[in-house]
Structures are given as C-alpha cells and as structure tokens.
Amino acid sequence: MSTETLEKTPVVKVKEPLLSKRRKRIFSDPLNDDNPITIQVLGICSALAITVQMRPTAIMAVSVVFVIVFSNLITSMMRNLIPNRVRIIVQLSIIATLVTLVSEVLKAYNYPMFKILGAFVGLIITNCIVMGRLEAYAMGNKPTDSIIDGLGSGFGYAWIILTVAFFRELLGSGSIFNFPVFESIGWAGFPNNGLMVDSIGAFMVLGILIWIQRTKTGFVES
Amino acid sequence: MRLSNTYIIVFTAIMTIIIGGALSLANQLLKPAQTRAIKLDTRTQILNAVMDLQEGDDILAIYDDRIDGFVVNISGDEITADSKGNPIQADKVNIIRNFKKKPEEREYPVFKFTSKDDPLKIEAYIFPVYGNGLWNNIFGFVALESDLNTIKGVSFGHVGETPGLGARITESEIEDRYIGKKIFDNQGKFMSVTMLKGEKKDPSMFGPHEVDGMSGATITARGLNAMLKEYLHDYEAFIKKIQRQEAI
C-alpha cells in the first residue's frame, strides 16, 4: 500500500490540470492582448476578402480554426522528428494537406459555399497566422499546449473576421446571415452602403476595431 | 543524425507518400458527392433561367421531368457524337473546354423546357453562354420563349467579379432586366441585347435590344454583351431553322 502511494504522488505532481492558469493564458492571449489580426496584423488579406457576408465568413472561420488546431497538433507531435533544415517546407505540406481536405469536403457537401470561398480556402495555406503558430509555438511545445494555442489563435482570428462581417453585411446589404434585418423592423427603405461591400469598407471597419482595441489594451507598436 | 542528408531525404520521401496517399484517398471517397453537387449546381442554374426555384424544390426531379437536352453544331444541325465518335449528352458538354475551341468546332448544347402538363409543348429554349468578365470568366444560361426571339429569363454566374459591382450580374434585380427583351429586330436581323453604360433604374428608357447598365461595372457589362452576342450569334443558324419549321 505504501509503495503505491509513493509511486502515485510524483505523477500527480507533474500532471498539470487541463485548464491550468498557464493554459488559460495560452488560450486567451491571442483573443485579445496578442490578437493575430489586430495586434500582430497577420492574415489581413483574407479578413478583407471574405467578410462581405456572415455566412461565408463563418465557414471560413471554422476552416481556419480546424487547420490551425490540427496543423499545430501534427507539427507538435512530429517536432522531434522534423529535420531542422527542411522544417518550413514540412510545415507547409502539413498545412497544405489540411487545407486541401477542407476544400474537398466543402466541394462535396456545400458546393454553393465552395463557389464563393473556393480560392480563399486554398489561400489559408498562405495565411501567415497558421504558419506563424507552427514556427513560433508548435515546433517547441507539447501537443496539448499546441492544441490550446491553435484554438486561441483560431478563435482570435474568427471573432475579428466575424465582427467585421457583421458590420459589413448589416450596413452593406441590410441583413445578417441573409436575414433582412431592416425590413423585418419595418424600415424597408434602408439605403445600403455600397462602400461596405467593397474591400475599402473592410479596411475601415478593421481600422476602427484595431483603434478601439489598442486604446483598451494600451498596445503601442515599438 | 537529424542533420544528415540521408535522414532528410528519407523523411521527406516518407512524408510525401503519406500525404499523397491521404489526399488521393480523400479525393476518391469524396468524388461521388462532389459529382452530385456539381450536377445539382448546373441543373439549378439551367432551371433558374426559366423559373423561380423555391428552397426545398426537388431540382433533379423537375429537371428530369421538364428539361430535354440535345447538342447542335454551328450550322444548327443536331449532333449525337463528338469528333472521336463518342456519344455526347447535352448536360455533360464541357462549356469551358468548348469556349477555347474555334466557334465552328464547338458543341452547342440546347435545353428544351417543356410544359408541365404537355410534355410535347415547348415553353422555352435554354442556351448556355460563356465569356470573359473583368477579372475572370463569366457564364450563364439564356432562356428564349418558344418564338426564339423574346428572352424569358437569364441566369448569370461569375468566377471573380468585384463584389457589389460586377458580381451583381448574379442578382435577380439585374437578371430580371433582360426579361422580355428581343434578340432579333422586326426584319429578323440579329441584334443581340446590349447592356448600356450607366445606371438609370428606369425600365421605360430602354428599347427592345437594350438593358439598363450597372454603375461601376462597365467592363463586366461589356464582357456580358460580348458573351451574349457571340453565343446567341453562334446559335443563330439553329434558331432560324426552328423558326422556319414553326412557320410551316
């Protein structure tokens, strides 16, 4: 009996609870203080291109979260096997494989969305956020932490593009998820703002978001 | 060990095989669903040119019931086999591949839209069209009434036109502007239908061969005009032939 307790104690000591304070920070940092879009200003190209309406944006957000989480996981599991000299191309192949899978599944089960997003899903490969996480985090950390890091960065990207899309669809098309908001509250003549459906509208919404967020967090680029 | 060239070569080789295998497997497993999705999409576009589809409509059933497709050549004669002798089906003709050929060599699909009650009565003829927009290709289906002159409806699509500007060609507000327009003048001369520059939003200002333009999308409109002119002209021999038959 005594030997058993002795063996157990050290195991409990090194075993970290799944939602420890450190891990919560890994998850919550990219949501706000270290947001990939508003602080690191990565992944802007897709944030501008696919945020005209909420529906494609939501699908894009889910795809990016999926790709980030799984490429982080796979890279982290392989991190001790990957030869250092070819690590970038290895990371790239992992991302490209996952992106191709997402694109193929979309083509099979949601063809109308595939037609809208087609090129942009493929461009997740070049989304700096994904590769940035692999190089900066997954190459040097354990799989569990890497998943949490991927979720954090993915959701950090997702909530920003969804917010941008919310304002662009509301002001540009007068709807949310194709549901006509202004018509249903009896304001049928709501003038749609053409600027919002153009990429310029995305720049403006994103700029305002970055402004608000940096005012709150006090972040200043060095 | 992880720095040796042999290790790197073996590592990349194994990785390539695993990734390649996984992707081909996924492709094979998803292929039936993808083919079905593309078929459904094409049929939706064809039907959209002649009727307002509601969500939940059984598109494949309506298509089977009311659409009858065949293929003609530039002289308007029906063809049943391609240059290699393989049988061709109207809904399997690859419009993009044909677009790259010379007009005389293209296969031109025609879709007859028959009446719900009388399968022999033709309500419309639907022709696929294909061309270049501002950034990338544009395409669509044009439906003519049984007089083969009046436009019953159109459905357009695009690959990469600017959202809010050229991409508006897919909106029903723009597509509806074509309804009732004529492609021949009173003497039977081919006129096509031209979208003008500028947006007036007043249908009464336009003649039978003109439609209101799209503000900010002049080049897309130019592509649209060229596409309609080229393809309807290519179908002219077929159209005239049917019109003569109807007259007798």
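This is a predicted model: local features need pLDDT of at least 70, side-chain atom pairs count only at pLDDT 80 or more; totals for chains, interfaces and linings use all residues.
1. Salt bridges. One of the pairs joins Arg22(A) to Asp145(A), whose closest N and O atoms are 2.9 Å apart. Arg22(A) belongs to helix H2 of chain A and Asp145(A) to helix H8 of chain A, so this pair ties together parts that are 123 residues apart in sequence.

2. Helices H2 and H8 of chain A. The two helices named above also pack against each other. Helix H2 of chain A covers residues 21-28 and helix H8 of chain A covers residues 143-173; their axes come within 7 Å and cross at roughly 35 degrees. On the H2(A) side, the contact is made by Arg22(A), Arg23(A), Ile26(A) and Phe27(A). On the H8(A) side, the partners are Thr144(A), Asp145(A), Ile148(A), Asp149(A), Leu151(A), Gly152(A) and Phe155(A). Sorted by class, the residues of this contact are five nonpolar, two polar and four charged.

3. Helices H5 and H6 of chain A. Two packed helices are described by the angle between their axes and the distance between the axes. For helix H5 (residues 87-109) of chain A and helix H6 (residues 111-122) of chain A, the angle is about 165 degrees and the axes lie 8 Å apart. Because angles over 145 degrees count as roughly antiparallel, H5(A) is roughly antiparallel to H6(A). Their crossing is left-handed.

4. Residues between H5(A) and H6(A). Which residues make this contact? Helix H5(A) supplies Val99(A), Val102(A), Ser103(A), Leu106(A), Lys107(A) and Tyr109(A). Helix H6(A) supplies Tyr111(A), Phe114(A), Leu117(A), Val121(A) and Gly122(A). By class, the contact holds eight nonpolar, two polar and one charged residues.

5. Chain A as a whole. Chain A contains 11 helices and two strands. Read from the N terminus, its elements follow the order α-α-α-α-α-α-α-α-β-β-α-α-α. Its C-alpha atoms fill a box of roughly 80 × 40 × 35 Å along the principal axes.

6. The contact between chain B and chain A. How many residues does each chain bring to the contact? Chain B contributes 24 residues and chain A contributes 23 residues. The area buried between the two chains is about 2000 Å², and carbon and sulfur atoms give 65% of that area. Between chain B and chain A, the count of salt bridges is zero.

Conventions: Residues are numbered from 1 along each chain as its sequence is written. Chains are lettered from A and ligands numbered from 1 in the order in which they are written. Side-chain values use heavy atoms; hydrogens and water are left out. Axes are lines fitted to C-alpha atoms, for helices over the stretch in contact, and angles run from 0 to 180 degrees between N-to-C directions. Helices (H or I, at least four residues) and strands (E, at least two) are DSSP runs, numbered from the N terminus. Angles under 35 degrees count as roughly parallel, over 145 as roughly antiparallel, 65 to 115 as roughly perpendicular and the rest as oblique. A crossing is left-handed if the near helix is turned anticlockwise from the far one by less than a right angle, and right-handed if clockwise. Contact means heavy atoms within 4.5 Å. Ala, Val, Leu, Ile, Met, Phe, Trp, Tyr, Cys and Pro count as nonpolar, Asp, Glu, Lys and Arg as charged, and the others, Gly among them, as polar. Buried area is the accessible area (1.4 Å probe) that two parts lose on being put together, summed over both. A salt bridge is a side-chain nitrogen of Lys or Arg within 4 Å of a carboxyl oxygen of Asp or Glu.
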